[in-house]
Amino acid sequence: MIRFTLQNFYSALTAWAVRGSLALLLSGCLASLASAQEGENEVLPAPRPGHLIRVPLPITSEVASSIERTLGQLLEESDNVVRNEDRPTVVLEFDTANNKTGRGSQLGSCLELARKMTSNEMNRLRTVAFIPPASGAQFLDDFETEKPKSDLMGHAVLVALAANELVVADQASIGQATVDEPKVTNLIREVYREVAARRLTLPVPVVDAMVDAEAELYRVNTDNGIVYADAKQLAELEAEGDVIGANTLSAAGQLARLEGNELDRFGLTQVTAGNLRELAFAFQVKPESLENDPSLGQDWKAVQLRISNNVDPEFADWSIRAMDRMLAEQSANLLIIRIDADQADVETCMRLARHLAGLDSRQVRTVAYVEGAAKGGAGVIAATCDHLLMQPETKLGGNFEPPLEDPFREDYMAMADQLAVEQEKEGAVVMAMIDPNLDVLRFRQVQTGRVSLMTPDQHAALPRPEDWSLLGPLDVLDGIPATQAEQLGIARWVAGDFDQLKTYYQLVEDPRSIEPTPTDRWVKRLASWLASPFITPWLIFGAVFFLSTEFSAPGIGVPGFLGTLCLVAFFWSQSLDGNADWLEILLFFTGVIFILMEMFVIPGFGIFGLGGILMVMVSLILASQSFVIPVNAEEVRHMAYSCLTLLGACAGLGVALFVLQKVLPHAPLLRQIILKPPRKDALSIEAQGDPEAVVNWQHLAGRTGETVTKLFPAGKAKIDGRLYDVISDGQLIDSGVKIRVIEVMGNRIQVEVADQDA
């Protein structure tokens, strides 16, 4: 009985222990999940209102007055602001595009604007001076030695110093404020010191070095931390014994200029950003509030373009031309791309995406509206437009057919990443449109709470990857649903139908469609017919046949005209079909020139002839296809059709030779204008009765005649009533003088004066 009781006791104790351990383990897992969920659902501070003001360079009185009016309007809108954290953020983006640096800015206008920005009433606004990177600087390889810079210099620096915050991109710099001044006066120094002391955007010694070339700038490590000093201040610190070490940032004799990465490394700026999107997250501002507004507060003028599976190189050429023409003619500022494509040509879509990205966002806003599928290249277009709107049941990206081969996939992914950087979009999302198997992870920045989508490689390449916490993966294999895209900030809004999109942009009428006219459709059909594999060889056949006929029987004109027409039709149709470009045309005509040089200028048949024939052959093949070297079965099949053009050229040449010898001399119409070869019996003097027919004038030896022209020493003379080309023995003979033939060699007749005494 006791044994049974003890066994029960031990069993109960063991079960209790096991249950306790499981409970403890379960509670730990739940706590971790709750912590992760709490971190993901953490309530972030509400974004501040933001405004963007572009600062044209150089700053003139008109520019300064315009910015002051805009700041005045923003001050009126912020009358009710009480707390500093509620202040609207105003970003002044200095327009350093096209190598504009601010040189030539007027000191008086910059000073007036700087005093406005440092006035007490401006405390209701938080101003941020932003110097963006140079356009295209982010796309250069590490091997490039000369990278484009975005430099802010001249008195425009004074306006940047008057802002509450200064943000300079890595590929940008600020400094050399008095580069336009022949002499720096004390008044100019005091003006800059006054603004620098009021804002402390940069330390006063740093500003002095940007203003006065004789001022030296040192970064001094003291017992109390890092300070910036000039030569005099450094000497005082050394006398006090506080200096641990000092580095020279700017020596005497040159104006100081500091790059964005230097400002960040030295701790002179608190925020780093490469674009407006990063800047918005850094200052907790809605990114859309810092967008360009092409409408300038007025009504939108919209046009629309549809992207479907029928996208091909010809469609891209026509779309780009029609787009640019309509945007210019209609003064449109809103371009809507309606997308429903799951098998669109990737190369063509990438080309369209690049063109859309190249449009000036200050003049036109691009909006992608996904009505169905948006996969592959169509997904890249959707993800890189300024705005993305999607219907509720649609998805962005996902698997598409046919899948891309490895070399092309890597190239397209690199292009997609570049587009994302240029358009300030999530690079991982855009690359996932090309490769749906890409690992895309969600990260949250610890300091700001910003959620970003990155690949593992992108996260590892961050300057401080430890500042980002992993939230989890994002499934992109089957596409990103519209609601999830909206939650992640990829899509701007989920629109139920196109009418809701019109409401969103306050469009009263349907946008005008970019569609081909009847003439465009007729031209497209004609070009497609001429570029077909069955017509192209006949065009080349006709070109070679007619041009060979013209060269063999010059003067006719009709064959030359028809041959040229065939060549023009060939290259025109292939160009509209997206195959031929200037390279193929230059190759062809350069090859033809080399062949003609070999035939008529350079004796023999050598490098020019062989090279010319090879260039013509290569140009004809490349003009018939959109690739150089085939890499898949489809391209190999297409290249077989391209080789038909060479067969057409060879056939045209062979038929031309046959026709010229056998047919044309007997044709009733052409018989009168084509030279016939002489008969053998016509080569005898007896048959023809013409001694010149055999080009042998030995019978003229010793005969006399009279010069018709002066002999210098060659000329013409009449002998036995016939006119001959003659040459004297070196003496000049006047016309009308009697001469005697002294020697005949072939067709060379040498004469002398018959009466030497005369």
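So, to start: how many helices and strands does the protein chain have? There are 24 helices and 26 strands, where helices are DSSP runs of H or I with at least four residues, strands are runs of E with at least two, and both are numbered from the N terminus.

Some housekeeping. This is a predicted model, so local features need pLDDT of at least 70 and side-chain atom pairs count only at pLDDT 80 or more, while totals for chains, interfaces and linings use all residues. Residues are numbered from 1 along each chain as its sequence is written, and side-chain values use heavy atoms, with hydrogens and water left out.

Okay, the whole chain. Of its 758 residues, 42% count as buried; buried is under 20% relative accessible area, exposed is over 50%, and partly exposed is in between, with a 1.4 Å probe and protein chains only. Contact, by the way, means heavy atoms within 4.5 Å. Take the contacts between residues at least 6 apart in sequence: 67% of them join residues at least 24 apart.

Now two helix pairs. Helix α12, residues 377-384, packs on helix α14, residues 427-434, at an angle of about 160 degrees, and their axes are 7 Å apart. Axes here are lines fitted to C-alpha atoms, for helices over the stretch in contact, and angles run from 0 to 180 degrees between N-to-C directions. α12 and α14 are therefore roughly antiparallel; the label is for angles over 145 degrees, with under 35 being roughly parallel, 65 to 115 roughly perpendicular and the rest oblique. The crossing of α12 past α14 is right-handed, meaning the near helix is turned clockwise from the far one by less than a right angle, with anticlockwise being left-handed.

Who makes that contact? From α12 we have Gly-379, Val-380, Ala-383 and Thr-384, and from α14 Val-430, Met-433 and Ile-434. In the contact of α12 with α14, that's 5 nonpolar, 2 polar and no charged residues. For those classes, Ala, Val, Leu, Ile, Met, Phe, Trp, Tyr, Cys and Pro are nonpolar, Asp, Glu, Lys and Arg are charged, and the others, Gly among them, are polar.

The α3 side brings Leu-107, Leu-111, Ala-114, Arg-115 and Met-117, and the α5 side brings Ile-188, Val-191, Glu-194, Val-195 and Arg-199.

On to a sheet. There's an open one of 3 strands, in the order β8-β7-β9, with antiparallel pairing; two strands pair if DSSP finds at least two bridges between them. β8 (225-229) and β9 (243-250) are the edge strands, each pairing on one side only. On average, neighbouring strands in this sheet are turned by 20 degrees against each other, direction ignored. Strand β7, residues 217-222, pairs with β8 over 5 bridges, and Val-220 sits opposite Val-227 in β8.

Arg-365 lies in strand β13, residues 365-374. Arg-365 is buried, at 11% relative accessible area. Beyond four places in sequence, its contacts include Glu-291, Asp-293, Trp-300 and Asp-386.

Lys-502 is in helix α17, residues 498-504, and is buried too, at 12%. Leaving out residues up to four places away, Lys-502 touches Leu-507, Val-508, Glu-509 and Asp-510.
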